[in-house]
Amino acid sequence: MGSQGGWGQSKEFLDLVKSIGEARSKAEEDRIVLQEIETLKRRINEPDVPRRKMKEYIIRLVYVEMLGHDASFGYIHAVKMTHDDSLLLKRTGYLAVTLFLNEDHDLIILIVNTIQKDLRSDNYLVVCAALAAVCKLINEETIPAVLPQVVELLGHPKETVRKKAIMALHRFHQRAPTTMSHLISNFRKRLCDNDPGVMGATLCPLFDLITEDANSYKDLVMSFVSILKQVAERRLSKAYDYHQMPAPFIQIKLLKILGLLGSGDKQASGAMYNVLEDIFKKSEPSSNIGNAVLYECICCVSSICQNDKLLKTAAEVTSKFLKSESHNLKYMGIDALGRLLKRNPEIAEEHQLAVIDCLEDPDDTLKRKTFELLHKMTKSSNVEVIVDRMIDYMISISDNHYKTDIASRCVELAEQYAPSNHWFIQIMNKVFEHAGDLVDVRVAHNFMRLIANGEDDEGAGSQLRSSAVVSYLHILAEPKLPSVFLQVICWVLGEYGITDGKFSASYITGKLCDVAEARSNDDTVRAYAIAAIMKICAFEIAAGRKVELLPECQSLIDELSASHSTDLQQIAYELQALLGLDARAVETIMPYDASCEDIEVDRSLSFLNSFVNQSLQNGARPYIPESERPGTLNISNYGAHDQLEAPSHALRFEAYELPKPSPPPIPPALLAAAPVADLVAVPESAYFSTEPHQPSEPLGGAAMSPAEHGLRLRLEGVQKKWGRPSYSSSSSSSSSSAPSVSAPSAQKPANGVANANGAAAAAGAQARDSSYDSRRNPLVEVSAEKQRLAASLFGGSSARREPPPAAPPAAGRRAVKPVATVVAPAAPPAPPAGDLLDFGEPSPPPAAAAAVDPFQQLEGLLGPASAASSQNSTVGAVAADLLSLHADPPASLAEISLPGKNPLAEISLVGPAAPSSPVVKKGPNPQDSLEKDALQRQLGVVPSGQNPNLFRDLLG
Amino acid sequence: MIHFVLLISRQGKVRLTKWYSTYSQKERSKVIRELSSLILTRGPKLCNFVEWKGFKVVYKRYASLYFCMCVDPDDNELETLEIIHHFVEILDRYFGSVCELDLIFNFHKAYFILDEILIAGELQEPSKRIVSRLIAAQDKLVETAKEEASSLSNIIAQATK
């Protein structure tokens, strides 16, 4: 072992490393590091530090930084070191700067000059060091400074330099494709480089380029194929062999490229079939790298034009993966299966048991991969089981990132394949309940829209709604519901709470008041709640009943009237005003169940005509559109506009601006958001975009082009007059009325949280409209698909399996459905083998595995412990030889090793340690095992306590 | 592309970090913390892959050291696993039966080796022999520099006697 001594480190440095190694806690480690930082700060700034000493300081800085502390005080010294003439120091300097600096760091500008000089150096090692730094440090701004030199280096006699130059250009291309566009031909040239390493490196940039635009590289297909063929036939130097495979990393890269080039191109694909077949044959399935190549082949086969023979081979390999004991291979198998499914959906049937095993596996990684696969193979026939599974898993995990992911998958599948709206609502309730804060608001809006007019059949629709109301009243009892879910609940209760007469208005309003009270800091929920109360009151009044507000409701209104949120205030005042109106007026303002009705906006404001005429007759000046007015606008004009245009409570800067003859440039967002045709949408999006813009662009509010200005101003006025535009008219035009109902805050300007929420809601609501329409179609199609499924069920070809015992509710639900598939759940005659999702089946294998695992773990723990205790005296053995276990036979007795032939399985100490301690009985002697385990832990955690040898020799 | 390489000991101590994508110091510590708790707790027979924030982290344990690489979701995990192994084999060749201590005290050497294997987050040299040769060439240069320095100091010492 060449580790200790001879490397020229000082005792100080070794002491540091040692003391950190011995630190018993993170706090102690931090203390040591901080002390070291102090020392370094002092020393490094001393005058005339010898260069050699400085090198060591720099390395110590790297160490400190690696441990997660800030060493920025020394960066400049690392930069200085790159200027040094000695290669040794220069290399250290470059190493340190590449580790310290990100590409946007200020100090980089100081290095560019050195890099330029070094790229010209005669010594290729200096050039290499500079190129390595180029890859990490050169940013978009500095590319031009080094680009010509790097390109020149492509012709350097040393292959290492050429290779690094290629990689540097690749990096440039990633950072700033435009600066590179004229140099792309260089990559093509380098593909023919004599050196396989350079050729292999060239594949990286080519892969990126082909991903962007495959068509320009079709001419290279034959070259790639022939390179791959030569590689597979072992024409490359032996040096590129890796575990008996000829240049597997190059093969993999080539296969990736071919997959891209052959996708959708019959001719190109045709050229590849032979070589792919060859590789399938030649790759060794017993080694990990062989499997990596095989997997890449499968990916390639599944992306190029279909070839049945290759697909068959790919399927065979996939099934081997799936049947393997190794989790890694199973994982790859599941992934490969997902890819092949696109080509041949039946492929999955054969592997249903394996897939189910993976789904039940305790390994989260495997489980998630399997969900990915299930997601790909979801059909309307199995959506219920799959989504149920996903939701169960979603509830069980705490990782928010993945929870969001799987929740959105559930929503997507449910939206796409829902067999019935009833089921859909149930699923969405679960998603909202368990991952409510993680799903997109848009999903909630979609969902409300579905409840409002989900069923074509009116009877079924109202049944759906009342069942939603009942279930929500039930759910409300639960504590800690996510905000989004509460919004949905409030909305549904407001719209449909008293529809079927089961619940009294006071009961529902009571519940809503409870919600609003419980969520006193969530303005959005409160807004939904109070709006819902308003609706219920309106319906009561319209129905001719007398409304008597509950005392708690009255106090809520009083509270909200004084709320900090102007949004809430406004609704509260509106509600109070509404209570004083008569039935007819109320009915016009808030027609029942009109959330999905479209509203028509009178854009010419014709109802004001008589008023205008009258005023004109009385001598008022006629209105001049802003564009036609003389250039100067007075300040009061500005003020007036602002109030109407973007009434927010942000500071107004405009008043202090000098009047400008021409309007300042319009922020693009505003322009984009102002399609005059879509009348209702305009104010919404205007709020959405003006609010965030105001801080940065003080003129934003006033910067509208005059033409839009006038038109929009009026519209705003109209809307505000009626408060809730959705109810102001019930005839139809083309726009989004529902958003305004569902998100009251979207309509009104407000400050603070409610404002932001409103903006988001408005955006969501707009998006919803489009997404909603597109979603409707699949839902309608579902019934057609169901019929097909029913047909196929009885035909028995695609075979829906019996509803598993684990999921009987599925059958129940289906039977209730009003749609014509009642027959579906009835025991299918087809063999159960047809379906992948027989979750009802018990799966003994994972259970068995779980039972075995603890022993194996013990085995692992025991091994090194016993080894360490028996060989306490040999330093090398304590930090047990990392690699003694792979191909090389053990060199010394001290190395614990196993004559394993399979390096992959045995490279880790966990496995091989076991044979070295055969005396220890695993099962029957738990106490012994535990003792050894404890010893081992101690050894591991505090090496110096029990085992000073680990460090003693180093210092000697 | 490989976004970063981490070497963590079984006790969660960092032995080597190399970042190919941009992460601030704060993000780095967070990544290390999250990944060590994720990876160190995994059982021995499970997959060598973990899905993490939309990326995949491929890890492998060698004795008491975990080698981790974070790759894009569409990268080939088995290949990444072999890149790790490739790295370890080269370390082994260089140090001669490498152990954790070698890496603890010579982490800068390990960095130099890693720089010859990976560049800009991609595997640059798939041949062990060539990497070893390059590293040897660099070391030799260092040796000659040292010799020169010592002989120079000898001369000076003699001259000033």
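How many residue pairs are in polar contact between chain A and chain B? The count is 24, with both residues at pLDDT 80 or more. A polar contact here is a pair of N or O atoms within 3.5 Å; within protein, one must be able to donate a hydrogen and the other to accept it, and residues adjacent in sequence count only if both atoms are side-chain atoms.

Before I go on, some housekeeping. This is a predicted model, so local features need pLDDT of at least 70 and side-chain atom pairs count only at pLDDT 80 or more, while totals for chains, interfaces and linings use all residues. Residues are numbered from 1 along each chain as its sequence is written, chains are lettered from A and ligands numbered from 1 in the order in which they are written, and side-chain values use heavy atoms, leaving out hydrogens and water.

Okay, the interface. Chain A puts in 100 residues and chain B 83, where contact means heavy atoms within 4.5 Å. We also get 6 salt bridges across it, meaning a side-chain nitrogen of Lys or Arg within 4 Å of a carboxyl oxygen of Asp or Glu. One pairing across the two chains is K253(A) with E122(B), with the closest N and O atoms 3.5 Å apart.

Now look at N328(A), which sits in helix α18, residues 327–343 of chain A. Helices (H or I, at least four residues) and strands (E, at least two) are DSSP runs, numbered from the N terminus. N328(A) counts as buried because its relative accessibility is 9%; buried is under 20% relative accessible area, exposed over 50%, partly exposed in between, with a 1.4 Å probe and protein chains only. Leaving aside residues up to four places away in sequence, N328(A) touches L46(B), C47(B), N48(B), F49(B), L78(B) and L81(B).

Over in chain B, we have 5 helices and 7 strands, and 66% of its 161 residues are buried. K18(B) and D115(B) make a salt bridge there, at 3.0 Å between the closest N and O atoms. K18(B) is in strand β2 and D115(B) in helix α4, so the pair ties together parts 97 residues apart in sequence. Both K18(B) and D115(B) are buried, too.

Back in chain A, E56(A) and R60(A) form a salt bridge at 2.9 Å. They are 4 residues apart in helix α3, about one turn of the helix, and both are buried.

Last one: K26(A) and E29(A) meet in a salt bridge at 3.5 Å, N to O. Those two are 3 residues apart in helix α2, so about one helical turn separates them.
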